[in-house]
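Please read the following report alongside the sequence and the coordinates. It moves from the whole chain to a few selected places.

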Amino acid sequence: MTDIKTAPLYRTIWRWHFYAGLFVIPFVLVLSLTGAAYLFKPQLDRWQERGWRGLPAAERVDADAQVAAALTAFPGASFHYYRLPEASDDAAVVHLALPDGGMRDVAVSPRGRVVGAADPDARISAWLARIHSSLLIGRTGGLLVELAASWAIVMILTGLYLWWPRGRGAAGVVWPRLSLGGRAALRDLHAVTGFWVSGLALVLLLTALPWTDVWASGFRTVRAEMGWVAGVQDWKGGAAGHHAANDHRAMAMAPSSAAPFGVPLATIVLRARGEALPPPVIVQPPGAPNLFGPPNGDVWTLTTQTQNRPLVRKVGYDPATGIEVSRSGFADKHVIDRIVGIGIAWHEGALFGIVSQLIGVATALALVTLAISGFLLWRRRKPEATLGAPPLPRDPVRLKGVAAIILLLAALLPLLAASLILLWIVDRLVIPRLPRLARWLGVRALA
């Protein structure tokens, strides 16, 4: 009976799994650790704002006086939104655009005194988001992350094929045989962990695509051409996509209107308390820039910055009379946007609160386990002076099914397609002219 591990299909998929894993291991480690930390963005932000809570609340001033105090502290700044305090003795947060293009979250006590200010881009959560999305190197980093995510999908799918039991029992398939010790126990740990985490990992990777560069740009084009648009897109995608709650650069470039308002902010804040929106709840003045997309128009806008997008809704009020003039919620969006919104909420650990956060942490830890165990397996089997890749199969003619799968994945993941073309050129035109490199890569077929 032919050993499945010597079959051309198995050998080819093992080889793809090997190269995909070797490429994505450093990215998996960085993205898993930063992603796990970013899941706790609400808790991190609250911790950084701990000095803005539990303040004296006697002799309170209204929201308009709090905004005036913030603008006095930062001359020439523009008022973008007012964040309602969660408790009566918490500071309100007034978000300002500075004349030099910077942004500030200004904490104003219930008594109307400025008690602190923070650059929103300097928050721990914002720093984690920049590492997670662009490795702190801008668009190049974003493209690398997108490419790594594409190859991670290949790694998981090929890993599932290699894990497939093929008549074996549950030991080493459903649970690892750690008692075996050595390389066998490590192989079981790698394979079993990969099986249990594969579904959650694929969901994480797929729900990250709307934030990417190339994929998200294509998706936005298809979305527009197919008419899958109802309202403003409320997530960032394309060349500047990231996990940050606000597009601060765009907001800074679009200062709010300086026109006087017939209805004071304090009136809108009173109405906001009756809406029972999940925090953080914000009120934007007429003409203020939105978190994503164009300015909100000539209305007072009440909304929430919660990461649980299915709970987001917006209410617009006439600036002259205070009468409600518009209301929209998650159900009003196109079904495609609702699917993306649910996926983003899951990815950020917000969909089911602490349960989602814990599932996200477990997924990240499993991915770290996969990366480390995969690296150790490679180092233990790697021969001296070679990369240790599985040899090519002798009969590539029988691998049309593999080619079809690769083409399908490439059609769905543009950067994967580009990298496959580059690899094909290198494999066909470069490596054959460099025999030492060929031997090191293990390109020669089995005899």
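What follows describes the overall composition, the sheet, one loop serine and a surface patch.

The structure is a predicted model, and its protein chain contains 14 helices and eight strands. Of the 447 residues in the chain, 48% count as buried, while the chain as a whole exposes about 21,900 Å², of which carbon and sulfur atoms supply 66%. Among contacts in the protein chain with a separation of 6 or more, 66% are made by residues 24 or more positions apart.

The eight strands form an open sheet in the order 4-3-2-1-5-6-7-8, with antiparallel pairing. Its edges are strand 4 (114-118) and strand 8 (324-329), each of which pairs on one side only, and the twist from one strand to the next averages 20 degrees.

**A serine between two strands**

S109 lies in the loop that links strand 3 (103-108) to strand 4. Is S109 buried or exposed? S109 counts as buried because its relative accessible area is 6%, and the cut-off for that class is under 20%. Leaving aside residues up to four places away in sequence, S109 touches L55, Q66, A91 and V115. The C-alpha atom of S109 is also separated by 6.8 Å from that of D90, although the two residues are 19 residues apart along the chain.

**A nonpolar surface patch**

On the surface, I421, L422, W424, I425, V426, L429, V430, L434, L437 and W440 form a nonpolar patch, and together these residues have about 890 Å² of accessible area. Two elements, helix 13 (414-430) and helix 14 (435-441), each give two or more residues to the patch, and the largest share, seven residues, comes from helix 13. L434, also a member of the patch, is found in the loop between helix 13 and helix 14. With a relative accessibility of 40%, L434 counts as partly exposed.

| Residue | Relative accessible area | Class |
|---|---|---|
| S109 | 6% | buried |
| L434 | 40% | partly exposed |

Methods. Residues are numbered from 1 along each chain as its sequence is written. This is a predicted model: local features need pLDDT of at least 70, side-chain atom pairs count only at pLDDT 80 or more; totals for chains, interfaces and linings use all residues. Side-chain values use heavy atoms; hydrogens and water are left out. Two strands pair if DSSP finds at least two bridges between them. Helices (H or I, at least four residues) and strands (E, at least two) are DSSP runs, numbered from the N terminus. Axes are lines fitted to C-alpha atoms, for helices over the stretch in contact, and angles run from 0 to 180 degrees between N-to-C directions. Buried means under 20% relative accessible area, exposed over 50%, partly exposed in between (1.4 Å probe, protein chains only). Contact means heavy atoms within 4.5 Å. Accessible areas come from the Shrake-Rupley method with a 1.4 Å probe; for residues, only the protein chains shown count as cover. Patches are made of residues with over 30% relative accessible area and no salt bridge: like charges are joined within 9 Å, nonpolar side chains (Val, Leu, Ile, Met, Phe, Trp, Tyr) within 5 Å. A salt bridge is a side-chain nitrogen of Lys or Arg within 4 Å of a carboxyl oxygen of Asp or Glu.
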